[in-house]
Amino acid sequence: MSTVSAHVALTLARHIDHVFGVMGNGNAYFLDALERSTDVHFTAVRHEAGGVVAADAYHRASGRLAAATATYGAGFTNTLTALAEAVQAHVPLVLVVGDEPTSGPRPWDVDQIALASAVGARTYTVGRADAAATTIIAIEHALTYRVPTVLAIPYDVAARDAGPLPEAPEPRLPAPLVPAGPFAEGAVEGLVEALASAERPFLLAGRGAWISGAGEALGDVADAVGAVTASTALGRGIFPRGEFDLGVTGGFGAEGAMALVREADVAVVFGASLNQFTMRFGDLFAPGTRVFQVDVAPAATHPHVGGYVRGDAAVVARTVADGLAARAGRASGWRESVDLMPLRAYEPGDHLAPDGRLDPRAVAARVGELLPEDRVVVSDGGHFIGWANMYWPVGCPDRMMMVGTAFQSIGLGWPSVPGAALAKPSATVVLTTGDGGGLMALADLETAVRVAGGRGVAVVWNDAAYGAEIHLYGLKGLAQEPMLIPEVDFAALAAGVGAEGVVVRTLADLDRLAEWTAEPAASRRFLVLDCRISGSVIAPYQREIIRVNS
C-alpha cells in the first residue's frame, strides 16, 4: 500500500539527500517510507530544535535544500526557535511534521499553522489526493523565497492509502533578477562611472553575493579598478585575490582594516543587507564616501546608501565588469600602495587575564594556529562569537556559519555540527560555543559526537557566566547573580557521550589539539576543549554595542 506519508517521502526524496529529526507518532509513517523506499539518509537528533538546526547548517555548508522532521504538538513547538532562525536567515528548508486530524483538534493539539505563521513560515497541509503535488508546492516555495516551509501530515490521513505515486512536476524557480528599464540601466551606468573615476575604490560582499555565485565577476571588478575588498561575516573568502582583502567588516574587523575602509571615496556593496553590526552602527564608512548597494531587496537597506541597483549580485557584477572593460580605463593603484597585511592583525592578548583565568584572545589565536586548514567552523551565539570570527579564518562562506545570529538566539551550536559534518564529509568541523548556549543545547552533544566522530572538535568558552549580559547590563549596575552560571565541567560531560574532553587552564593545555590534529581522523575521538577563560576581556564588537547602548 502506498500511503499519504509515502507519497510525501518519495516526492521529497527526489530533491534532498538528508533529513534530520526526532521520530514520533505524527511522523512515524513518513520516516518508515523514507527508510524503506528511498536513498535519503536520516540522522536522528535528540531534540526537535536540533533537527531544524542540523538541516539549516547542512544547507549553509552544502547549498542544497534542507529537510527536517518532527511529530505534532510538543515535537512541533520545540522547533519554533530554530524555525524562526531559519526564516530570518533565508534558509530554504522543508520541515515535515504531523498535525491534528482533519476531523478536528484533539485536547492536546495546538494551532500549528498559526504558530508557524507567527515566526514567518508558511504551512502546506497534504491530503489523500494531493500529497505529492502539495510536497512540490512546499519545495518550490522554499526554494523560490529562500525560507522554510512546514509540510503537515494530518494524523488521520498519514497511513491512508493514496494509490500509485503520481508524476509530479519539477519545481519552477525564478531566473536571477536582472536590472531592466531605463532607470535600472542608468543606475548601473552610474555605478560603473563612479568606480571608473574612483581614486580609492572599495568593494564589500555578503552572503547574497556568494549565493548568486558572484565571486569571479567581483574579482574582475576589483582588478579593473584596483579595489580593496572585504566581506561580511557570512561572505568571507568570496573575493579571489586574498592579498588585497581586509577580511571581515564590522565589529569582527581588525581596527587597522576598518580605518582603511573609511578612506575609501567610493564603496560598492554586493549582496549584503548592511545590518548594524556590519556597518559598525553607522561608522563603517566616512561621511564623504559615496556608497552604492546591489541587492535583490526592493530598496536600499541602509540610509548611508546613495545609489541603489536592484538585481542579482552576479548579474550586476558581470555587467559592471564588462562596462569597466569597455572603458579600458586604468586601475586606481590604491590597493598596491597600501601594506594590507599589518592592517588585518588582531590583538594577540595575554596568556592570562588579571583574574588568573585565560585571556580568550590568546586562546583563540593559539587554536587558530593549530586547527586543520580543511575546516568548517560552526558558531553558537553569545559574547564569545567574536573570537572565532576574528582569529579562525576560513576559505569561503560555506565554511563559517552562525546558526542563531539572525534571530539573536543562543543554544543552537551542538546540533549545527552534524549538519555541517554531513555536508562537508572530508573537513574537520569546529564548534565554538559558550557555557550558557552549550548547556542549553546539551541534548545534541551526543548527536555531534556520534555524527562527526574524529572529524569534530568543540571549543567551549567557559567563563561561568552569560558574558554578553555581564558586559552590557552588569556594567549598568544591574544585579549580576542571574547572569552567572556555576562552572560546569564540559570535559566530563563530553566523556560521558564518548568524546575526549580536555580542561584548558593554560595555553600549554592546547598542545593536545596539536597532537589530535596530527592523528588520523578514523582513530581519534571527537575533542572537546573546555577553556576556562576570563570574563573580564570584552570582545571588540561587544564594545561597540556597549558604546551605542551606554
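## Close-up views of a predicted protein chain

**Figure 1. The whole chain, as a setting for the close-ups.** In the protein chain, 78% of the contacts with a separation of 6 or more are made by residues 24 or more positions apart, where a contact means heavy atoms within 4.5 Å. This is a predicted model, in which local features need pLDDT of at least 70 and side-chain atom pairs count only at pLDDT 80 or more, while totals for chains, interfaces and linings use all residues. Residues are numbered from 1 along each chain as its sequence is written, and side-chain values use heavy atoms, with hydrogens and water left out. The secondary structure comes to 22 helices and 18 strands; helices (H or I, at least four residues) and strands (E, at least two) are DSSP runs, numbered from the N terminus. The radius of gyration of the protein chain is 24 Å, close to the 24 Å that the globule rule gives for 550 residues, so the chain is as compact as a globular protein of that length. That radius is taken over C-alpha atoms, and the globule rule is 2.2 Å times the number of residues to the power 0.38. The C-alpha trace spans about 70 × 65 × 50 Å along its principal axes. Of the 550 residues, 58% count as buried, a word that stands for under 20% relative accessible area, with exposed meaning over 50% and partly exposed in between (1.4 Å probe, protein chains only).

**Figure 2. Strand S7 and its two partner strands.** Strand S7 covers residues 201-205, and five of its five residues are buried, so S7 is largely enclosed by the rest of the structure. Pro201, Leu203 and Ala205 point one way from the strand, whereas Phe202 and Leu204 point the other way, and all are buried. S7 is joined to strand S10 (residues 266-270) by five bridges, and these two strands run parallel; two strands are said to pair if DSSP finds at least two bridges between them. Within this pairing, Val266 in S10 is the bridge partner of Pro201. S7 also runs parallel to strand S8 (residues 228-231), to which four bridges join it, and there Leu203 stands opposite Thr229.

Figure 3. Seven of the seven residues of strand S15 (residues 428-434) are buried, so S15 is largely enclosed by the rest of the structure. Both of its faces are covered, with Thr428, Val430, Thr432 and Gly434 buried on one side and Val429, Leu431 and Thr433 buried on the other. Strand S13 (residues 375-379) runs parallel to S15 and is joined to it by five bridges, and Ser379 stands opposite Thr432 in S15. S15 also pairs in the parallel sense with strand S16 (residues 456-462), over six bridges, where Val460 in S16 is the bridge partner of Thr433.

**Figure 4. Helix H5 and the residue that follows it.** Helix H5 (residues 80-88) is mostly covered, since seven of its nine residues are buried, namely Leu80, Ala82, Leu83, Ala84, Glu85, Ala86 and Val87. The buried residues of H5 pack against several elements, among them helix H3 (48-62), helix H6 (112-118), strand S4 (93-99) and strand S6 (148-154). After H5 comes His90, which lies in the loop between H5 and S4 and has a positive phi of about 60° although it is not a glycine. Most residues other than glycine have a negative phi. His90 is partly exposed, with a relative accessible area of 45%.

Figure 5. Arg280 is found in the loop between S10 and strand S11 (290-295), and its phi is near 50°, a positive value in a residue other than glycine. At 13% relative accessibility, Arg280 counts as buried.

**Figure 6. Ser212 and the residues it touches.** Ser212 belongs to helix H9 (residues 207-212) and is partly exposed, with a relative accessible area of 22%. When residues up to four places away in sequence are not counted, Ser212 touches Asp312, Ala313 and Ala314. The C-alpha atoms of Ser212 and Val315 are separated by 8.3 Å, although these two residues are 103 residues apart along the chain.
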